[in-house]
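These are my notebook entries on a structure that I had not looked at before. I kept to a few places and wrote down what I found at each.

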Amino acid sequence: LMHLTKKLIEIRSMLLSIDQNDALKLPSIVVIGSQSSGKSSVLEAIVGHEFLPKGNNMVTRRPIELTLIHTPATPGQPAPKEYGEFPGLGIGKMSDFADIQRTLTDLNLAVPSSEAVSNDPIDLRIYSPNVPDLTLIDLPGYVQIASLDQPESLKEQIAGLCEKYIREPNIILAVCAADVDLANSPALRASRKVDPLGLRTIGVITKMDLVPPEQGATILTNNRYPLHLGYVGVVAKSVDKPKKGESTALVARRGERGYFGSHPEVFDSGSMMVGTDTLRRRLMEVLESSMASSLHGITNAVQLELEEATYQFKVQYNDRRISPESYVAETMDMLKLRFQNATEQFKRPIIRAKLKGMLEDKVMDVLEQLYWLDKRSPELGTIALDPKVTPDSVEPYWKHKLGAASSLLTKSGVGRDSTVLVADGLRTLIDSIASAEPFNYHPQAAERLIEFSHMILRDRIGVTSDQVENCIKPFKYDVDVEPREWEAGRERAVELYEKELKMCESKLGEIRTKVGGGRRLGSLIGYVKTLEERQKQREKEKAARRLEGAASGEDAETSIRAALEHDDSPESYRYPPAQILDARYAMMYSERLHILKLRLATLRSKRCKAGPQSETFCPEAFLNVVADKLAYTSSLFINIELLEQFFYQFPREIDTRLLYDLDRKEIVEFARQNPVVRRHLDLQERKDKLEEVMKQLNSLSTLRADPQPKPRRQ
Ligand code: GDP
């Protein structure tokens with residue numbers, strides 16, 4: 001039958017790890033008593049080692065779930081080693097009980113003093129051939145008198161914590177000191193509240209050596225406060241000092257035997273329970289029968305929970321099992337696949353078109369700077385239509401201009417700009433993958449993903465932009481244009497101008513509507529023109545006056561005042577300043593429209609259609625061909641130096657930096673970050689554990705079916 005308790009203790013631990021549902025609890029022994037009643041000494045006497053935190057300032061602040069596991073000695077083999085283990089901490093076995101004591105002290109001190117006590121239990125298991133199979137819960141001792149450095153509410157907090165643990169089905173071990181009147185024992189008082197008949201309370205009377213034997217015996221005879229399970233008297237601590245090489249436990253044991261042995265007439269062992277050995281045996285019996293009587297109820301409860309979990313698993317997940325590993329692997333595969341699909345956007349023709357777009361913008365900037373803003377540019381249109389002007393006889397001014405425009409374009413930092421444009425595209429892609437499901441649940445992984453992809457990009461950007469710049473170098477000096485290329489460039493230039501033309505027209509239209517119609521805009525423009533005229537006139541006068549003034553000795557201030565007075569005409573206020581600004585923009589757009597129309601006429605002329613020899617007259621077609629060549633060359637080298645490298649490295653970095661880097665614990669953490677996966681895993685785990693518990697419980701019922709003395713049943 002000892003086997004039964006051992007099994008049930010195992011099952012109890014498993015049930016505790018499933019959840020804290022009261023229906024799924026097997027009994028444990030809860031140790032309560034006031035401070036200094038000798039609670040720790042009793043527990044240590046049962047274990048046979050000193051391992052509980054010592055000190056006078058409230059050393060037990062958290063419940064300790066103490067599971068004792070008897071490891072039987074096999075004849076002919078060395079005795080099994082004694083050790084303790086904190087399953088919640090994952091720090092492995094501890095064979096030195098001083099280490100266990102230190103760990104418990106640290107765990108208790110980690111509770112902030114503002115909180116004083118915590119409900120979160122410490123799980124401690126002790127494996128030894130010298131302990132019985134027992135589960136004990138050590139609770140903070142009841143505070144009798146609140147001291148100054150303890151919060152007011154401490155007393156209630158401890159009482160509340162104890163109350164929670166002494167509920168059914170637990171067994172209460174009420175520790176009382178022999179030298180304190182039982183009437184004053186907070187442990188007995190608390191127990192009586194929940195177990196008035198004392199059916200599940202054992203009394204332990206400590207410090208028997210501190211009262212006369214007869215007085216001690218009277219307490220144990222169980223008359224004043226009768227408990228069904230009785231009282232056990234112990235001497236848990238000896239007053240003797242241990243000799244060299246002796247453990248305190250050994251000395252205590254000897255002291256206790258000595259004490260009870262020297263009063264055989266009083267402590268007749270037939271009717272009275274004395275000594276730590278008796279206490280252990282009693283606890284084992286009580287726990288065992290309590291567990292045995294819980295067996296039926298717990299089996300039913302587990303069966304119900306298992307049925308519910310199985311049903312939910314079927315309904316919610318169609319019995320599909322997952323593991324953290326499979327989730328991680330799937331996520332990485334999905335990441336690679338998503339990336340793979342996205343690389344379609346980085347195929348060469350697409351990149352080339354993107355780069356061309358960027359370069360066309362540059363071409364427009366160059367044209368604006370060198371041609372549209374040049375007062376002489378209408379001239380270029382006129383000479384283009386004049387058949388007498390040949391490419392050779394054209395003014396050098398225009399030849400230089402074309403050279404300048406071409407080198408402004410080729411020397412604008414094409415290598416860097418085109419590389420950065422593509423790299424930015426990759427960055428945006430990675431950012432969007434990293435912020436989308438499921439990586440939104442995995443912020444650290446997302447961060448690492450971004451980090452290493454940026455690192456690859458940083459590594460490649462310099463090399464790539466140098467390479468591109470190097471390869472477009474020839475275009476900085478000379479560009480050969482084939483007739484076919486020329487025609488394509490000319491057509492594209494026409495297209496772009498038409499677009500620009502539409503844009504200017506629509507802007508102009510917007511302004512027209514804004515100021516209130518074409519007529520109104522016309523008069524506004526007229527007004528701005530007169531203002532400008534007048535301004536010019538005034539500047540001239542001012543200059544003249546300054547000269548005069550300088551000659552006649554008039555000081556500068558007077559001349560400025562004169563100029564300002566002049567400015568005070570009421571006409572300046574005829575239109576609001578915002579409208580004057582609109583008018584100026586409108587003027588700019590119509591000037592632009594004018595020049596664009598002229599340029600379009602040239603681009604469509606016979607002269608321009610003739611071919612590349614007309615480049616001086618049609619810089620737009622020429623620059624477009626240059627832009628096209630630049631885009632072609634850039635895309636070629638960006639593909640080799642940046643994209644191919646990135647596409648090669650990225651999936652490998654996923655493996656080395658995201659996948660292989662994870663240990664089992666991190667894999668579980670990763671998977672559980674995703675709420676959908678977490679719920680799935682939780683339910684699956686719950687079902688598995690319940691199944692395992694059920695299996696164990698079933699094996700127990702066959703064990704119980706043996707023709708052995710069965711536990712009493714109601
Ligand atoms: P706790 O606060 O309830 O855990 O009490 P402890 O186990 O720390 O014991 C309080 C004090 O009583 C300590 O100084 C122990 O040495 C002493 N003590 C505990 N049990 C006995 C005992 O059976 N006999 C004697 N003489 N002293 C004891």
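Entry 1, the ligand. I began with the surroundings of the ligand in this predicted model, and I found 14 residues around the ligand, the closest being S36, K39, S40, S41 and A236. Sorting this shell by class, I counted three nonpolar, seven polar and four charged residues. On the nitrogen side, I noted a backbone N or O atom of K237 at 3.3 Å from a nitrogen atom of the ligand. The ligand taken alone would expose 570 Å², and the protein buries 74% of that.

I placed I46 in helix α2, which runs over residues 39-47. Is I46 buried or exposed? I wrote down buried, because its relative accessibility is 0% and the cut-off for buried is under 20%. Leaving aside neighbours within four places in sequence, I listed its contacts as L68, V131, L134, T276, L279, R280 and L283. One of these, R280, is 234 residues away from I46 in sequence, yet their C-alpha atoms are 6.5 Å apart in space.

Entry 3, helix α6. In α6, residues 213-220, I found P213, G216, A217, I219 and L220 to be buried. These residues lie on the same side of α6, because the arc they cover around the axis is only 155°. As a reminder to myself, an α-helix has 3.6 residues a turn, so residues three or four places apart point the same way. I also asked what covers the buried residues of α6, and the cover includes β8 (201-206), β9 (231-233), α7 (248-261) and β10 (273-274). After α6 comes N222, for which I noted a positive phi, near 70°.

I ended with R607, which sits in helix α19, residues 606-609. I recorded R607 as buried, because its relative accessible area is 15%, and buried means under 20%. Not counting residues up to four places away in sequence, R607 touches I383, A384, D386, P387, V389, T390, P391, S614 and F617. For T390, which is 217 residues from R607 along the chain, I noted a C-alpha separation of 9.9 Å.

Terms used: Residues numbered from 1 in each chain as written. Predicted model: local features only at pLDDT ≥ 70, side-chain atom pairs only at ≥ 80, totals over all residues. Heavy atoms only, no water. Near = heavy atom within 4 Å. Polar contact = N/O pair within 3.5 Å; in protein donor to acceptor, adjacent residues only side chain to side chain. Areas by Shrake-Rupley, 256 points an atom, 1.4 Å probe, with all protein chains shown as cover. Nonpolar A, V, L, I, M, F, W, Y, C, P; charged D, E, K, R; others polar. Helix = DSSP H or I, 4+ residues; strand = E, 2+ residues; numbered from the N terminus. Buried < 20%, exposed > 50% of the residue type's maximum accessible area, 1.4 Å probe, protein only. Contact = heavy atoms within 4.5 Å. Arc of directions from axis to C-beta.
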